[in-house]
Protein chains: 2
Amino acid sequence: MFRKWHLFTPGPVPVAPQVLLAGAVPTPHHRLPEFSALLSEIRRDLQYLFQTRRPVFFFASSGTGAMEAAVANLFSPGEKVLVVRGGKFGERWGEIAEGYGLLPVYLDVEWGKAVQAEEVKSRLDRDPEIRAVLVQAHETSTGVKHPVEELAAICRDKNVLLVVDAISALGVYPLPMDEWGIDVMVAGSQKSLALPPGLSFIAVSERAWSRVEKATLPRYYFDLRREWKAYQKETTAYTPAVSLLLSLQAALRLVRETGLEKLFAHYALVSEATRRAVRAMGLEVFPEVPCEALTVIRLPEEVDGGKLTRLLRERYGVVVAGGQGKLRGRVVRITHMGHQSPLEVVLALSALGLGLSEMGFPVKMEEGLAQALAFIGERGKEVYA
Amino acid sequence: MFRKWHLFTPGPVPVAPQVLLAGAVPTPHHRLPEFSALLSEIRRDLQYLFQTRRPVFFFASSGTGAMEAAVANLFSPGEKVLVVRGGKFGERWGEIAEGYGLLPVYLDVEWGKAVQAEEVKSRLDRDPEIRAVLVQAHETSTGVKHPVEELAAICRDKNVLLVVDAISALGVYPLPMDEWGIDVMVAGSQKSLALPPGLSFIAVSERAWSRVEKATLPRYYFDLRREWKAYQKETTAYTPAVSLLLSLQAALRLVRETGLEKLFAHYALVSEATRRAVRAMGLEVFPEVPCEALTVIRLPEEVDGGKLTRLLRERYGVVVAGGQGKLRGRVVRITHMGHQSPLEVVLALSALGLGLSEMGFPVKMEEGLAQALAFIGERGKEVYA
């Protein structure tokens, strides 16, 4: 009866029941006029979420598909791109670029550190052949936030494209695409949109669109030119993931009703409360510049992270993510995204404290919880008014 | 996105998604052979839950319907029953008895106190015309547990029926009907069974069944004789609440898989953790003998309970129950029943602490949480192993 899961992983995230139920209806056909109306609504709401007047495209794919779409649509073989590589998803930009025969130039950043905008600038100064900068809004593997606004200004100056993986960032903190001049932004459904996995999103600035027309890399399913043609006819190039789009409609309505400002304030509040708790517990927030989507916590050296996450899951139903790549076993990652209420992070923190204690590494749990709760109690008066 | 409800009310309670989904199928017809198989399984599993070899009947009704069924099926006009009245549900026994023209004799107990078995015995000694004792396993309005096992022994001695409202008790702590000799036990779906409201249950001992045959009070929908005839033909007297029965099947499978012992251990653990937290916070557990189904907390005199519960709900999505009848505004009630995980009560306690603090009555929240978590951490090793 009490086997209940509390998902604190940075994707998938908890999905609201009304969003799930919106997709749990007999599948409508995707070429009927009613479906075009649905598409129009979704597309308008996606523009609100992306803070752009440009069209936003979606694919039935994981977020990685939209990353691939960005690369395949913008470039021609042998072109140089600067890849900010400070975690697993920076590495992924590089792997896609290499896979497509581009010449990625790597700007390696220590895991947990943010890229220095100046460093990007000097790389671009030194190598005028670089056509684009590929970066994450934040690195979900380390929790670090990169300075997207500054990077956008630099790229504009240099006439270089800025391609941002905002897969787990969109809707969590401000990334106003048009205002900042981000050229390409990609996102996924199982993050802040709080949908199940299976949809990815991409928007392309006017400046970058001219490259889409000229790019010679091969693409078919992810070809944005075909999607744009279909978009204009209020349809999609291929069969879309219909049930997920019905859920998307419900999720986007929630976003619109809630308002981006309020969402951002919620995530800022809960993530700061969590960081305060973590530090008061005597633990360390891993990234130098933490993002609001998740909190990455460095574990004491002697703790086996895999054993810890298993203990939390099996004993308390609390599912947190471990580390990826070189951080495997060294950190735990607790997301704030998705259908979570303000106090719910206390569950994750309580489980973490109990788990560490049981494994012989007691932390100052009550001090941590007190810090988090005091902060939520105080700031929540405005944010949840 | 973050408007999420956490239901801590003593009915309805959180329902597991697989239980909800089990009922969300096209309605099968209730007179087909496949449905008889479903009924057989449900009935067998209800016997396990009631710890009885007697048939367990169900009605499409709230728990109050099964209370009425108990009265209407057991008695004849003008008969005397002893009603233990120490809260809103004790009062309800009296109202039903009066409504049906019985002569209820009231044993009034101070709200929050358990009835003394000796007191019941002396009332029965003094008045041999009393045919039955009507009592709650616990009073959900005050959280107090009555001594059912002792009462059963006394009633057996006196050849008086013991009728127990176990609406929010069944499956929470031991009430072995056959072993203790409870004559009638009633239950509801939206309590420990963790279903939506709409079903009630009743089982009648062999000894009490002879009264059912002789009782002359009018009854039709709740007539157990008709239900027993239908039961023997593997059907029901009237159209049952089919979707709820499909969910019931799923819930009972969970009960069986989990096992009553484990369920009891879970509720004992979580309720004790909560009481420890409440006391460490500087608050008072209201009932003298607390039950495991819910924790009733006395509020400081100056606190407006209605305002407090509204604050918790609107700010944090945490829904706790206020007081009923003469306890209105004076207590909050937090249930442990339903689809709740071990640490989830921490959400309710955190919200309660923050709410009281905001209303000008700070409590020692971190000490409370520390007590609860330490207890869950320690005992949980066995209970959730």
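Which residue of β12(A) does V285(A) stand opposite?

**Figure 1. Close-up of the open sheet β11-β12-β14 in chain A.** In this predicted model, V285(A) stands opposite I297(A) in β12(A). Strand β11(A) and strand β12, which covers residues 294–298 of chain A, are paired in the antiparallel sense over two bridges. The open sheet consists of three strands of chain A in the order β11-β12-β14, with antiparallel pairing. Its edge strands are β11 (284–285) and β14 of chain A, each of which pairs on one side only. Strands of a sheet pair through backbone hydrogen bonds, either parallel or antiparallel.

**Figure 2. Helix α11 of chain A packed on the sheet.** Helix α11 spans residues 260–280 of chain A and touches β11, β12 and β14 of that chain. The direction of α11 makes about 10° with that of β12(A).

Figure 3. Leaving aside residues up to four places away in sequence, R333(A) touches P10(A), G143(A), L294(A), V296(A), V320(A) and A321(A).

**Figure 4. Contact between domain 1 and domain 2 of chain A.** The domain assignment divides chain A into domain 1 (17–258) and domain 2 (259–383). Their C-alpha centres lie 28 Å apart. To the contact, domain 1 of chain A gives 23 residues and domain 2 of chain A gives 24 residues. On the side of domain 1 that touches domain 2, the elements giving two or more residues are β7 (144–145) and α10 (242–258) of chain A. The residues on this side of domain 1 comprise nine nonpolar, 10 polar and four charged.

**Figure 5. Contact between chain A and chain B, with the side of chain B in detail.** On the side of chain B, two or more residues come from each of α10 (242–258), α11 (260–280), α12 (305–316), α13 (345–358) and α14 (365–383) of chain B. The largest share of this side, eight residues, is supplied by α13(B). The side of chain B that touches chain A has 19 nonpolar, 12 polar and five charged residues.

Terms used:
Residues are numbered from 1 along each chain as its sequence is written. Chains are lettered from A and ligands numbered from 1 in the order in which they are written. This is a predicted model: local features need pLDDT of at least 70, side-chain atom pairs count only at pLDDT 80 or more; totals for chains, interfaces and linings use all residues. Two residues are in contact if their C-beta atoms, placed from the backbone, lie within 7 Å. Two strands pair if DSSP finds at least two bridges between them. Helices (H or I, at least four residues) and strands (E, at least two) are DSSP runs, numbered from the N terminus. Axes are lines fitted to C-alpha atoms, for helices over the stretch in contact, and angles run from 0 to 180 degrees between N-to-C directions. Domain bounds come from an automatic or database domain assignment. Ala, Val, Leu, Ile, Met, Phe, Trp, Tyr, Cys and Pro count as nonpolar, Asp, Glu, Lys and Arg as charged, and the others, Gly among them, as polar.
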